[in-house]
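Thanks for coming, everyone. I have one structure to show you today, and I'll keep it brief.

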Amino acid sequence: MSQGWLPVLTLATSLLVAPLIFALPERAWRARAVVNLSAAVLKILLVALLVLGFYQGRDFVFGFTVVEGASFLLQVDALGLMFAGLSSLLWLATTIYAIGYLEDSPNRKRFFGFFSLCVASTAGIALAGNLFTFLLFYELLTLSTYPLVVHRGHAKALAAGKVYLRYTVTGGLVLLLGVVALYALVGDVAFGQRERLADLGPDAYPLLTVLFLVLLVGLGVKAALVPLHGWLPRAMVAPAPVSALLHAVAVVKAGAFGIVRLVYDVYGISLVHELGLLTLLAAIASVTILFGSIRALSQQELKPRLAYSTISQVSYIVLGISLFGPFGTIAGLVHLMHQGLMKVTLFYCAGNYAEELGIHRIDELDGAGRRMPLTSLAFTVGALGMIGLPPVAGFISKWYLGIGAVQADMSWAIAVLAASSLLNAAYFLPIVHRLWFRQGPAHGRGRWPEERHLGRFETSTWLLLPTAATALFSILVGLLAGVPFSPLDLATFMATVEYLP
Amino acid sequence: MNLLLPVVLLWPLLVMLYGGLRLALVKQEGRNSRSRLELLGVGWWSAPLPALLLALWPGELSVSMPGWMLGGLWQLDEARRPWLLFGALLWLLAGWYARGYLADERRQAGEGDANALGRLMGFTLLWPLTLAGNLLLILAEDIPSFYLGFVTMTLAAYGLVIHRRDREAKLGGLAYIVLALIGEGMILAGLLWSAGSAEALTLTELRVAIGDAERGVWMATLLWLGFGVKAGVIGLHVWLPLAHPVAPTPASAVLSGVMVKGGVLGWLSTLPLGSGEAGLARLGEVIIVAGLVGAFGAALLGVIQRHPKAVLAYSSVSQLGMLASLVGVGLAAPDAWPALLAPVTLFAGHHGMTKGALFFGVGISEHPPRLPAWLIVTLLALPALSLGGALTSGLIAKGFIKEALKESEYSSLVSWLSVAAVGSTLLVARALWRQWRRRGEPGTPLRSPMCLAWLFAVLAAAAVPLWLPLGESVHWPTLSDLPGLLWPAALGLGLSGLALLAAKLGEGEWKLSSHLPPGDLWWGYAALARRMRSGLVTAGGMLESRGLQLRARLVAREHRAIARLDGLARYERRFSRLAVPLMIGLALLLLLGFWLG
Amino acid sequence: MPPFDELLLAVVLLLLAAATLFDRHLVRACCWFVTFALAVALSWAWLGLVWLALLELVLGAVLTGAFLFHALGVMPTATQPRGLLTHWHDPVALPWQRVLMRLFPALAVLAMLGLALMEVSSGSGSLRPAGMGLLGLGLWAFALHHHLLRRLLSFNVIGTGIFLILMSLVDSRALAVAHGLVVTGLAVALLGTALGALLIRRLEALEASHHVVYRTNGRPT
Amino acid sequence: MIERLGLSPAATPMENEAALWLVLVLPLLLGVLGAIARPSRTWPVAVAGLLPLLALGWLSSQVAGTTGKSGVVELGDLVLYWRVNGLTLLLLLLTYLIGLASALYAPAYLRDDVQALTWGQAWFWPLLGLLISSLALIWLAADLLSLYIGLELMGLTAVGLMLLPGKVEALVAGLRYLLLALVGSLAFLLGISLMLGAWGRLDLAGLAEVAEPGVLLWVAVGLLTGGLMLKAAAFPLHVWLVPVHAWAWIPVSAIHAGLVIKASFFIALQLWLLLVPEATVAAWMIGGLAGAAVVWGGVKAWRSAKLKEVVAWSTVSQLGYLLLAFPLLIGTDAAVADLAWQGTWLQLAAHGLAKAAMFLAAGNLILATGAARVEGLAGASRRFPLSLLSFGMAAISVVGLPPSMGFTAKWLLLHAALSGGHWAWMMVLAVGTLLSAAYVFRLFHYSFIEDAPEAEFRRVPWPMETVALLLALAALLLGLAAEWPLTLLRGAGDEP
């Protein structure tokens with residue numbers, strides 16, 4: 001049975017919210033909040049319906065021809081569902097957060113409008129059924145994110161926006177060229193029809209290799225692979241919810257997700273393996289992992305450090321999919337989710353510190369654990385997860401990565417993992433130490449840079465709630481990784497499909 | 001009844017949660033209601049009770065939770081029972097002791113000292129968390145849970161180590177955490193590598209996997225070194241003498257008594273000990289040698305220390321070295337291992353309880369109870385002598401080991417261990433001497449928690465062979481064995497007597513100790529690490545400045561290019577003037593094009 | 001050998017065109033143009049194309065001439081032109097290098113035309129060379145002069161040249177279409193000239209009120 | 001190609017030609033009516049604007065289901081040819097839509113623009129009507145004489161419209177435009193004359209049959225192309241375009257950039273496809289010009305200081321995309337040509353809609369900020385999000401980002417270029433995308449500035465906002481619904 005309207009509806013929830021928000025007047029923040037939140041909840045419900053239907057073996061396909069040889073296709077598969085689930089969950093969380101974060105600041109209408117567009121494009125990326133559709137939403141994402149990056153409108157934000165565009169538009173163009181070339185080569189290929197490329201035979205291998213690299217460059221810009229990462233740390237000037245979403249689901253993840261699609265659903269892992277590109281991918285990922293960690297060490301401000309950490313962490317996904325074998329696949333896919341949860345938590349925390357106490361630099365964090373215990377706890381959870389310590393979700397990813405590396409005969413990747421864990425510890429644990437064990441303004445020493453009392457608790461409830469929720473989720477998906485419908489479960493399902501025809 | 005297993009782990013967490021909530025609520029209600037807050041209450045103390053109960057529960061228990069991480073499997077079998085028992089017991093005693101030891105701080109906190117309150121809050125919350133990690137480590141059969149337990153214990157204990165928050169505490173904490181993390185890294189790498197090679201999810205499978213794996217030696221090496229950080233393998237031991245003196249005494253006791261045993265337990269759980277086909281004999285020999293070097297080296301380094309807890313820490317390193325060499329036998333001579341397991345466990349239990357009692361003793365000698373001095377000295381010396389192998393549990397453990405090794409090809413190890421025991425004796429003698437020199441005024445009531453815990457610990461330590469369920473009967477040394485067992489202690493005592501005499505006659509303290517501060521190699525490591533860290537930071541900075549340079553160059557080039565583009569306007573003017581000729585030129589060009597084809 | 005009168009007509013046309021294009025006195029040039037248009041009408045009549053001749057007379061000679069004089073500000077009532085506003089003499093000097101350089105486009109077009117017309121050998125007569133001559137002269141003048149009025153004159157001359165070539169090329173079956181083309185072309189030429197003339201007047205009026213001098217080639221000086 | 005252009009002999013004559021005449025004449029009539037009535041409100045224009053659309057609907061209903069219709073108009077000896085097919089209908093529809101948008105925009109604009117109260121306003125309506133009619137004539141005409149008439153009518157009307165503001169600068173720029181347009185028509189006329197002389201006929205279908213390659217044909221086509229390129233503002237013959245737009249009225253700019261230059265392009269492409277379908281080298285030369293146009297226009301747009309100049313230069317750049325049709329259609333194999341064919345017309349439509357929307361939105365922005373310079377946009381995103389949104393959506397199409405029509409067109413062109421292995425054209429498209437992104441986002445960059453001093457802002461009348469928004473939406477959303485115009489294009493039923 002084919003129920004095409006469900007994915008369309010899922011997409012439409014956030015897509016149609018955007019004009020609605022644009023239509024509402026700037027001052028109607030209550031109405032806007034209601035619209036936003038109800039759409040977010042509705043979307044979660046729809047995604048849940050999709051998951052349910054998917055597990056019952058239903059097909060959800062919606063498509064029409066756009067031009068000759070290229071069609072708009074939405075379809076639902078496990079990978080897409082995972083990403084859609086992540087994006088819808090974090091949309092809700094981030095919307096709540098953003099409502100609190102942007103209280104009384106100008107241009108909220110614009111912010112939320114583009115925010116919804118951004119999420120809609122993420123959903124589109126998740127549900128896209130072929131490269132053409134993927135590309136559509138990928139570019140839409142670039143567009144809808146730009147106003148968010150430059151939201152503050154000061155010189156630094158605008159400069160960051162410029163850099164962001166230079167990278168992403170060029171990347172998008174390269175991707176477009178690659179996709180068109182692929183279409184010229186084999187025509188419209190829906191995700192999952194891997195045999196189409198493999199059937200071309202060894203004669204086409206050089207061409208396929210070149211195309212793969214072109215597509216990889218196009219996607220690698222958003223995935224912030226070294227040396228295409230330059231935009232990410234500068235995009236930090238955006239408001240915290242934007243950074244959170246950018247790093248956790250939207251932009252960076254879209255790139256990583258695209259690489260996953262490219263490797264698994266367009267080329268097929270066996271073909272990529274045969275082309276000998278997996279090693280290259282693993283090498284790029286490893287370099288990125290280490291590079292990001294080393295750069296993070298020398299950052300003195302919280303958000304840039306987190307940004308470099310993202311560069312490093314997202315490459316875990318790439319590393320995972322470059323490990324030939326089910327475990328590598330699981331690792332890559334599951335980290336897609338896990339990194340999202342953990343990073344979003346960290347960015348929420350950074351935002352909380354900035355909003356409540358005016359903290360931007362790391363050395364201002366001394367003793368913040370006493371002033372803001374829940375936020376600091378959430379930060380600790382996120383940090384431990386990033387290091388890859390149980391029971392936080394990061395451990396699960398790392399575990400599968402390691403096993404995948406061994407099984408793919410790339411045991412050297414374990415050294416990368418261990419080194420990265422140590423480096424992560426080296427730049428996260430000092431922060432945790434500062435939070436809890438140093439004495440600061442909360443102990444009567446010095447003053448917070450700009451303290452405000454935003455709420456009854458340590459900070460505004462709007463800010464605290466999503467932070468705590470995502471932190472809790474980060475622990476739960478790690479601790480209860482074995483239960484059905486967990487990210488790990490979905491990823492395992494995916495991997496089985498991939499490797500057991 | 002299998003539910004008991006989760007309860008054992010949950011109870012400390014609940015205790016922690018309760019404590020946290022209470023604290024949060026008190027904070028919410030306002031600052032003047034702090035007096036109502038009772039820190040380190042009985043509820044807090046009860047955290048290890050279910051574990052103790054479980055250890056005494058007859059029969060094996062196992063609980064499997066497929067949803068837990070990658071599939072949870074917790075077990076209580078006969079091999080785990082002794083570890084659980086002495087661990088829980090020591091945690092219980094230490095908790096009791098702590099209620100007395102930290103009484104001053106509790107009072108201060110009650111009076112509104114924010115710093116004391118902060119420290120106590122940390123202690124209140126992290127103590128049960130560390131305990132939970134430790135218990136999980138013992139009970140877990142699946143690797144993730146095991147690792148989770150290990151990590152939780154390691155990280156949570158950091159808060160206990162730096163309890164005092166002064167410079168030394170921070171140094172101790174730093175040494176502790178840095179080495180622990182390096183250890184974690186190696187453990188993780190080893191676990192991933194070995195588990196990956198056979199998709200193992202439980203520790204039993206893991207041992208088999210390492211035995212079978214092609215590069216099992218390297219996996220085992222990683223695991224040995226990783227756990228060796230905790231178990232004080234020489235070279236990686238430097239955190240012990242730095243962390244122990246600064247930690248509160250009850251924390252030192254559990255640290256040295258139970259937590260470092262986590263490392264030993266890690267070895268036992270992950271190394272394919274006693275597995276016949278494993279080609280790990282060479283590694284086993286390395287472990288034996290490293291263990292013995294540790295045993296001797298620590299003794300030599302320890303006797304010149306001034307702080308009694310540092311001396312005791314070195315003693316732990318020494319004892320753990322002995323234990324390590326026994327574990328090494330398990331790899332080098334797999335056949336001997338089955339007989340050796342029970343003695344090793346007994347030795348571990350003995351060391352744990354005895355070292356706990358000794359650490360309690362340090363606190364006791366600082367605040368002696370109102371007891372006759374001779375009695376105090378005797379009670380302090382009893383575990384000390386036991387540790388030297390002269391009395392009670394130490395004697396029995398040693399005899400047991402000797403008996404087990406007798407048949408194997410490593411019987412000569414016994415003599416080495418005996419020599420090391422001389423060192424142990426010297427160390428405890430030194431520790432006692434330093435304690436005596438630093439003793440405080442008697443005044444602690446006998447029925448205070450501190451005293452009672454200490455007394456109970458001394459007794460329990462002495463009687464370890466009687467109550468530790470080893471699964472097989474302990475080999476009690478016969479009378480004829482005694483000379484062979486007792487000479488090291490006697491020699492050690494004699495040597496310490498001589499040293500005491502020399503000290504009395506001479507100028508008192510050795511000056512050497514000022515040249516060799518506790519932590520020996522740490523200072524070298526620290527220098528190295530500082531250099532490495534600054535190197536990394538510099539590298540990061542260099543990357544950044546390179547990036548900035550590159551960016552600046554690109555920006556400059558961009559500006560130049562833009563300037564050049566702006567200069568293009570003059571061509572525009574030319575186009576404007578030449579529009580008609582250009583059109584004709586275009587027509588000509590096209591004519592040429594048509595002509596060409 | 002073409003008939004003598006035809007040759008004469010062609011030579012007269014060329015001479016008149018040259019006078020129109022290269023007389024450095026503008027009013028005189030306009031007068032020459034009217035004469036030229038009359039000559040063209042005469043040639044059409046001589047070719048038997050009476051309708052065209054009439055049209056040329058009306059559109060080319062009378063109306064275009066009127067617009068040109070209007071642009072110059074020469075009215076039947078006011079014989080004195082407003083000298084301040086009109087360049088009686090072309091103020092731009094013409095160095096011979098530029099004169100030669102500007103010849104190239106015209107030569108190029110003529111060469112192309114020559115090449116193309118070699119294929120169409122049918123039809124002879126001197127009207128075709130005359131048309132080409134007009135075309136070349138017009139193009140040269142167009143390239144050479146900047147004054148708008150002169151450019152309009154050149155445009156008209158070129159147009160006439162093209163009409164001559166066209167009419168010399170077509171045979172009887174395509175005559176109707178050719179007529180259509182020429183009529184359209186004439187109308188366009190008239191409209192263009194009219195628009196240009198009105199523009200010139202308007203610009204001059206604006207220049208006068210703004211005290212800014214715009215050269216009619218478009219750039220402020 | 002002859003079939004695609006609707007010039008095949010298979011096309012059947014139409015029973016009732018009234019629809020055709022209505023389509024041709026109605027805009028002119030309405031324009032004259034407008035001159036008399038001088039509407040100052042939007043709704044009468046909207047009502048009147050529906051009439052031509054209805055006529056077009058009638059026409060298309062007659063054409064529907066056939067490969068196209070063709071016929072002749074006889075005026076004595078003179079025979080004029082016309083044809084209607086899917087392409088014609090698409091172009092007619094586009095013309096009417098953009099014309100209607102301009103017309104709807106105009107009342108409010110003219111009311112608002114103080115200077116428009118001069119004599120110019122009276123002339124606006126008939127000229128606009130005439131322009132649309134002449135465009136319709138160009139789309140429908142199937143012989144060179146009608147095309148010539150249409151082209152000249154269009155050119156002179158366009159010049160007239162451009163002159164309406166009556167400012168010195170507008171007049172100077174208009175003068176140059178006039179002169180160059182006249183020169184262009186001379187070249188065109190010369191080319192036609194040569195062909196008429198050689199083959200004695202001007203109907204396109206007939207010419208395609210009898211014309212044989214040779215110097216005469218080449219010279220003729222070369223001259224025709226030269227003249228048309230001058231009128232189409234193809235690089236390097238674009239000099240008249242930007243100054244003209246910089247001073248023209250907004251609705252005039254919109255229809256001019258959206259349609260007028262496209263007409264010349266349409267004629268040129270049609271001639272090439274019919275007369276020199278195998279001239280690969282020459283087509284590549286045009287392709288080279290296209291590349292240069294894309295780069296030059298893009299760079300100049302990027303560096304322009306005024307908003308309208310940016311938009312105008314962008315037209316020069318975008319025309320380069322269209323010119324790529326020459327190398328992609330001439331002498332390539334059927335598959336490539338098929339893709340390029342669709343891509344070209346889609347690009348034409350996309351650019352027409354988007355550029356018109358962009359001009360209208362830019363007009364709104366300029367009206368609101370009172371500043372013609374780009375820096376004047378500072379803070380615009382907060383003040384008039386709607387105008388900026390329209391501008392943004394149109395700009396997306398111009399850059400060729402999804403889901404806009406420009407993207408779909410670019411996709412097709414890229415696809416064609418890659419299928420044919422024409423890397424050079426692919427690079428042109430790529431560079432064009434980057435440059436257009438550069439100039440478009442430069443404007444957005446300014447609009448997002450928050451810390452600019454607050455300036456006086458005027459409110460923009462709602463019809464102006466709405467018209468711009470609707471056009472932009474059309475340009476944006478037709479990207480995904482591109483199958484519909486393409487079906488219209490293919491409606492002739494000729495399957496590739």
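Let's start with chain D. Its UniProt record, an unreviewed entry, annotates residues 141-435 as "domain: NADH:quinone oxidoreductase/Mrp antiporter transmembrane". Keep in mind that this is a predicted model. Within it, the 141-435 span of chain D is 81% helix and 0% strand.

Now, the contact between chain D and chain B. Chain D puts in 22 residues, and chain B puts in 20 residues. Which helices of chain D supply at least two residues each to its side? They are α6 (168-199), α8 (215-232) and α11 (280-303). The largest share comes from α8(D), with 8 residues.

On to chain B itself. Chain B splits into four pieces: domain 1 (1-272), domain 2 (279-503), domain 3 (520-566) and domain 4 (572-597). I'll stay with domains 1 and 2. In chain B, the C-alpha centres of these two domains are 23 Å apart. Their contact draws 40 residues from domain 1 of chain B and 46 residues from domain 2 of chain B.

Look at the domain 1 side. In chain B, α4 (81-101), α10 (216-230), α11 (239-246) and α12 (249-270) each give two or more residues to the side that touches domain 2. Here α4(B) gives the most, with 13 residues. By class, this side of domain 1 of chain B has 26 nonpolar, 10 polar and 4 charged residues.

That's my part. Over to you.

Definitions and conventions:
Residues numbered from 1 in each chain as written. Chains lettered and ligands numbered in written order. Predicted model: local features only at pLDDT ≥ 70, side-chain atom pairs only at ≥ 80, totals over all residues. Contact = placed C-beta atoms within 7 Å. Helix = DSSP H or I, 4+ residues; strand = E, 2+ residues; numbered from the N terminus. UniProt positions renumbered as here; feature names shortened; annotations may be inferred. Domains from an automatic or database assignment. Nonpolar A, V, L, I, M, F, W, Y, C, P; charged D, E, K, R; others polar.
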